There are 2 protein chains.
Amino acid sequence: MIDRLIEKIKKTGAPIVVGLDPMLSYVPEYIQKKSFAEYGETLEGAADAVWNFNREIIDATYDLIPAVKPQVAMYEQFGVEGMRAFQRTVAYCHEKDLVVIGDVKRGDIGSTSAAYAAGHLGSVQVGSRTYAPFDEDFITVNPYLGTDGIKPFADVCKEKKKGLFILVKTSNPSSGEFQDRLIDGKPLYEHVAEKVAAWGADCMGDSYSQIGAVVGATYPEIGKALRKVMPKSFILVPGYGAQGGKGKDLVHYFNEDGLGAIVNSSRGIIAAYRQDAYARFGAENFADASRQAVIDMIEDIGSAIAAR
Amino acid sequence: MIDRLIEKIKKTGAPIVVGLDPMLSYVPEYIQKKSFAEYGETLEGAADAVWNFNREIIDATYDLIPAVKPQVAMYEQFGVEGMRAFQRTVAYCHEKDLVVIGDVKRGDIGSTSAAYAAGHLGSVQVGSRTYAPFDEDFITVNPYLGTDGIKPFADVCKEKKKGLFILVKTSNPSSGEFQDRLIDGKPLYEHVAEKVAAWGADCMGDSYSQIGAVVGATYPEIGKALRKVMPKSFILVPGYGAQGGKGKDLVHYFNEDGLGAIVNSSRGIIAAYRQDAYARFGAENFADASRQAVIDMIEDIGSAIAAR
């Protein structure tokens with residue numbers, strides 16, 4: 001899957017990913033009203049509104065981008081119906097030939113990680129039939145449990161040519177509380193990065209590993225250092241835009257080949273119409289605002305890489 | 001919720017929790033066949049089989065135990081239909097007045113943790129209506145992102161009197177890979193435990209905090225040490241039984257008041273009928289085997305505590 005991601009990045013010239021993390025408050029009122037008219041003010045209605053919102057954004061941006069990253073929490077908060085909207089979103093993105101990174105941050109003891117891996121990346125057996133329930137291409141994984149919590153995910157990646165992004169240094173303000181603490185003179189995140197490189201060595205695509213890392217845009221010096229620790233691992237970079245990261249801060253997340261990183265923006269794209277810069281589009285043209293925000297983000301990152 | 005958990009532990013005399021982590025292979029064939037006859041060999045069929053399996057185990061054990069711990073991965077692997085079985089299981093356990101610990105191990109940046117907290121412990125707003133989608137009483141949470149990833153969960157706990165168990169030292173073989181590494185002379189798990197105590201101080205019930213910790217049964221010396229680091233935090237102890245932990249190893253997870261810990265067994269209870277010790281019950285009486293395994297576990301832990 002990493003090879004397909006790279007192929008799509010080259011084709012679009014856009015090392016970016018659109019985070020499909022819809023809060024209900026981002027969904028324009030006229031879409032909510034239509035869904036509520038059909039399903040009532042129910043979880044089904046909320047999920048339908050979210051799905052319709054996503055669909056329009058996907059339709060307006062899919063030709064410009066290689067990948068999307070739906071954040072499952074935003075769907076899970078609406079219960080079973082929300083999970084159905086998540087599943088529909090993943091399936092629709094596949095129809096549009098987008099690579100789908102499920103931002104699920106799962107991770108557990110071996111047998112439990114195996115169940116998550118089956119549900120999100122692989123397949124489950126039911127009697128004589130086989131199903132791929134959520135069928136993302138990549139998922140994000142939490143490393144706190146160590147190798148045997150990661151291995152079941154890596155095994156499915158090898159078998160099904162899927163991929164992982166493992167949390168190394170997260171974008172949030174308190175990420176340093178544990179991740180930055182020094183162990184034998186090196187921060188915890190660097191130890192995790194070394195493991196990511198080791199796990200990834202056993203799971204190579206053509207030029208990069210199926211196993212990548214998450215390193216937040218909000219810590220550019222750390223991104224620069226970690227780039228060297230995991231030369232064969234793609235870095236998924238959250239925190240661009242609304243969380244404060246800018247294109248010029250991110251050039252060192254990329255390798256010399258111009259590859260090796262993919263930068264996510266969620267709110268900055270999907271709720272672009274609510275920003276001053278895109279207010280001219282209006283709520284009824286929210287998807288056009290998202291398209292323009294994607295174009296601007298590609299330009300910001302592209303020109304920063306060109307200028308380095 | 002911690003006060004209700006303690007009240008139920010005192011009433012049952014059973015500081016234990018039954019892990020409802022059904023692999024499809026644990027579900028006796030006659031139950032699978034019945035579900036497949038109704039729904040086909042589909043995800044819906046698998047979810048129905050799991051739900052019927054759970055229901056019989058709950059019916060056979062609920063009067064003996066204070067709490068259950070469904071592991072969401074075992075449901076999530078069957079997609080949307082699996083999540084519906086998870087939700088039905090939680091709701092049915094509430095009908096039986098059981099405390100429900102959702103073993104979800106979620107954890108993300110603040111805004112995302114807030115969505116998980118809403119979906120699992122709190123409620124979401126849809127138009128003028130409010131829903132509590134999964135409505136567990138406690139959930140497990142991963143600490144890797146630090147305070148701002150925990151705070152949204154803690155806020156919901158304070159508002160709704162619900163609770164958390166935060167991963168400190170997990171039961172799996174490789175848990176030490178990061179968790180045992182020394183930072184300023186103390187293992188990472190101890191730093192996390194100190195944070196759990198600090199987060200918990202702001203979230204107290206009558207005698208214990210709403211915020212507890214997960215410490216695996218497989219590391220009894222660490223359990224003994226961590227008991228002192230977090231005197232007001234309940235410890236959820238996985239790894240008893242099938243993973244190797246025994247009652248006598250666990251006495252130091254409890255405080256002098258005989259409280260402070262709750263020991264989970266999953267496979268050892270729900271798949272008891274497949275063990276030699278309970279084979280006499282046969283697959284058709286699997287729930288009676290589970291009941292006997294619960295009685296034996298209560299005796300094992302109770303006598304160990306009495307003998308210390």
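B:Y92 is buried, at a relative accessible area of 13%. Buried here means under 20% relative accessible area, with exposed over 50% and partly exposed in between, using a 1.4 Å probe and protein chains only.

Ground rules, quickly. This is a predicted model, where local features need pLDDT of at least 70, side-chain atom pairs count only at pLDDT 80 or more, and totals for chains, interfaces and linings use all residues. Residues are numbered from 1 along each chain as its sequence is written, chains are lettered from A and ligands numbered from 1 in the order in which they are written, and side-chain values use heavy atoms, leaving out hydrogens and water.

Back to B:Y92. Rings of Phe, Tyr and Trp (its six-membered ring) pair if their centres lie within 6.5 Å; planes under 30 degrees apart are stacked, over 60 edge-to-face, the rest tilted. B:W51 sits in helix α3 (residues 43-61) of chain B and B:Y92 in helix α5 (residues 79-95) of chain B, 41 residues apart. Helices (H or I, at least four residues) and strands (E, at least two) are DSSP runs, numbered from the N terminus. B:W51 is buried too, at 7%.

Next pair. B:Y75 and B:F86 are edge-to-face, 5.4 Å centre to centre, 65° between the planes. B:Y75 lies in helix α4 (residues 73-76) of chain B and B:F86 in helix α5 of chain B, so this pair ties together parts 11 residues apart in sequence. B:Y75 is buried at 0% relative accessibility. B:F86 is buried, also with a relative accessible area of 0%.

Over to chain A. A:F53, A:Y273 and A:F286 form one aromatic cluster.

Now the fold. Eight strands of chain A close into a barrel, ordered β1-β2-β3-β6-β7-β10-β11-β12, with parallel pairing. Strands pair if DSSP finds at least two bridges between them. Take β2 (residues 67-68) and β3 (residues 99-106) of chain A: parallel, over two bridges. A:A67 has A:V99 in β3(A) as its bridge partner.
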